[in-house]
Amino acid sequence: MIRRLATAALSATALLALTACGADSSADTSAGGGQTTLTIGDQAKTLQTIIAASDALKGAKYKVKWAEFEGAAPLYQAVQAGAADTGYSADLPALQALSGGVKIKNIAALKNDGTHVGIVVRKDSGIDSVKDLKGQKVVVSSAKGSISEYLLANVLKQNGLSYKDVHVQYLLPTDAQAAFASGKIKVWATFGVYQAVGLEQGGRLLVDGADDRVSGIGFINASDGALANSAKPLALADFLKRLSTALKWTSTHQAAYAKAIEERNGADATVAKTLASAAYSQVLPITSDVNTTVQGVADLMNSIGVLDPNVDVAKSSDASLFK
């Protein structure tokens with residue numbers, strides 16, 4: 001069970017919007033007979049699955065072409081190269097793209113409850129609170145600048161500790177999972193299916209990302225080129241409304257959504273159910289509250305040397321497309 005769960009998770013980690021590297025592919029899906037075509041960036045068929053399962057593009061007057069990637073980093077490289085009109089990720093990969101000079105604007109926010117990110121400790125670790133992490137080695141998955149690392153940095157700050165009070169090591173989730181199972185790791189900042197696996201392998205949840213310990217915010221962003229196009233902004237505005245309807249559908253039809261993940265992503269039933277429960281549940285407009293929240297994420301990651309140069313979130317947003 002553990003091996004099957006971890007293996008199947010490899011193809012689905014992008015649903016949780018963490019940066020990863022891998023192959024890409026694309027497929028055309030006609031959404032109507034109009035001349036405008038949107039190339040929508042996606043990770044691990046996440047948005048495609050949601051849109052298809054909810055039939056959200058029915059009646060659209062434009063065409064959608066999907067640009068498919070395994071993670072945020074190659075997706076944003078494609079956006080930068082003009083191979084995709086939009087990006088899609090959690091807040092930190094979007095911030096990293098902006099910090100790296102990718103010409104995008106955040107056009108809509110996504111929201112979940114943050115519980116899919118957590119710090120898991122072994123039950124025999126003797127670590128009973130965040131303050132007990134002082135002096136400990138903490139493994140962070142999957143790489144520098146992940147939302148797992150933000151959770152660690154934020155809870156340390158909330159408990160009066162410095163990021164320098166812990167010794168951080170970065171490991172890919174599958175490597176960390178094996179080390180945690182063998183007892184070589186006591187503390188693991190991780191996410192999603194891997195969090196579930198860690199708890200199954202003798203772990204205990206020290207803290208998760210609920211109650212604003214992580215923002216729970218993701219972004220749909222659009223390239224400056226797409227926003228400057230005469231026809232694409234109208235199509236993008238319509239697509240965002242349809243995506244909002246689709247996400248509402250997933251939150252009220254979780255069993256059907258999990259089944260769609262099984263069928264389209266090749267995940268087993270247990271993994272699909274976990275991924276469905278951890279997905280973003282709503283599309284939100286870009287408001288000052290959203291920008292302020294994510295600016296706090298950017299400022300904290302900048303203060304620990306992870307995000308450099310820092311990002312002005314408000315200046316990187318376009319609130320005109322989704323009201």
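**Whole protein**

Start with the surface. The protein exposes about 13,200 Å², and carbon and sulfur atoms supply 49% of that area. Accessible areas here come from the Shrake-Rupley method with a 1.4 Å probe, and for residues only the protein chains shown count as cover.

This is a predicted model: local features need pLDDT of at least 70, side-chain atom pairs count only at pLDDT 80 or more, and totals for chains, interfaces and linings use all residues. Residues are numbered from 1 along each chain as its sequence is written, and side-chain values use heavy atoms, with hydrogens and water left out.

Now show the cartoon. The protein has 12 helices and 12 strands. These are DSSP runs numbered from the N terminus: helices are H or I with at least four residues, strands are E with at least two. Of the 323 residues, 56% count as buried. Buried means under 20% relative accessible area, exposed means over 50%, and partly exposed lies in between (1.4 Å probe, protein chains only).

Contacts come next; a contact means heavy atoms within 4.5 Å. Among contacts with a separation of 6 or more, 82% join residues 24 or more positions apart.

**Confidence**

Colour by pLDDT, the predictor's confidence in each residue, from 0 to 100. The protein averages 88, and 89% of the residues score at least 70. Select residues 1-33. Their pLDDT stays under 50, and the model has 99 contacts beyond four places in sequence for them. Strand 1 (residues 24-29) has the lowest mean pLDDT of the elements, 40. Helix 8 (residues 224-228) has the highest, 98.

**The cores**

Select Leu 95, Ile 119, Leu 133, Leu 152, Ile 220, Phe 239 and Leu 243. Of the 95 residues in the largest nonpolar core, these touch the most other members. Helix 9 (residues 232-252) gives the most to this core, with 9 residues. A nonpolar core is a set of buried Ala, Val, Leu, Ile, Met, Phe, Trp, Tyr and Cys residues joined through side-chain atoms within 4.5 Å.

Which residues does Leu 133 touch, not counting those up to four places away in sequence? Zoom in to find Ile 127, Leu 152, Leu 156, Asp 165, Val 166, Val 187 and Leu 206.

Then pick Val 139, Ala 176, Phe 180 and Tyr 194. They are among the members of a second, separate core of 9 residues.

Thr 250 counts as buried because its relative accessibility is 4%. A polar atom of its side chain lies 2.7 Å from the backbone oxygen of Leu 247. Leaving aside neighbours within four places in sequence, Thr 250 is in contact with Ile 50, Tyr 257 and Tyr 280.

Move to Ala 279, in the loop between helix 11 (269-278) and strand 12 (282-284). Ala 279 is buried, at 10% relative accessibility.

**Salt bridges**

Side chains of opposite charge can pair when their charged atoms come close. A salt bridge is a side-chain nitrogen of Lys or Arg within 4 Å of a carboxyl oxygen of Asp or Glu. How many are in the whole structure? A search finds 7.

- Select Asp 124 and Arg 122, which meet at 3.7 Å, N to O. Asp 124 is exposed at 65%, whereas Arg 122 is buried at 15%.
- Select Arg 204 and Asp 128, which meet at 3.6 Å, N to O. The pair links distant parts of the chain, 76 residues apart.
- Select Asp 208, Asp 211 and Arg 213, which are linked in a network of salt bridges.

Most residues other than glycine have a negative phi, and most peptide bonds are trans. Keep Asp 211 selected: its phi is positive, near 55°. Asp 55 also has a positive phi, of about 55°.

Finish with two cis peptide bonds. One joins Ser 141 and Ser 142, with omega about 5°. Another joins Asp 308 and Pro 309, with omega about 5°.

Methods
A polar contact is a pair of N or O atoms within 3.5 Å; within protein, one must be able to donate a hydrogen and the other to accept it, and residues adjacent in sequence count only if both atoms are side-chain atoms.
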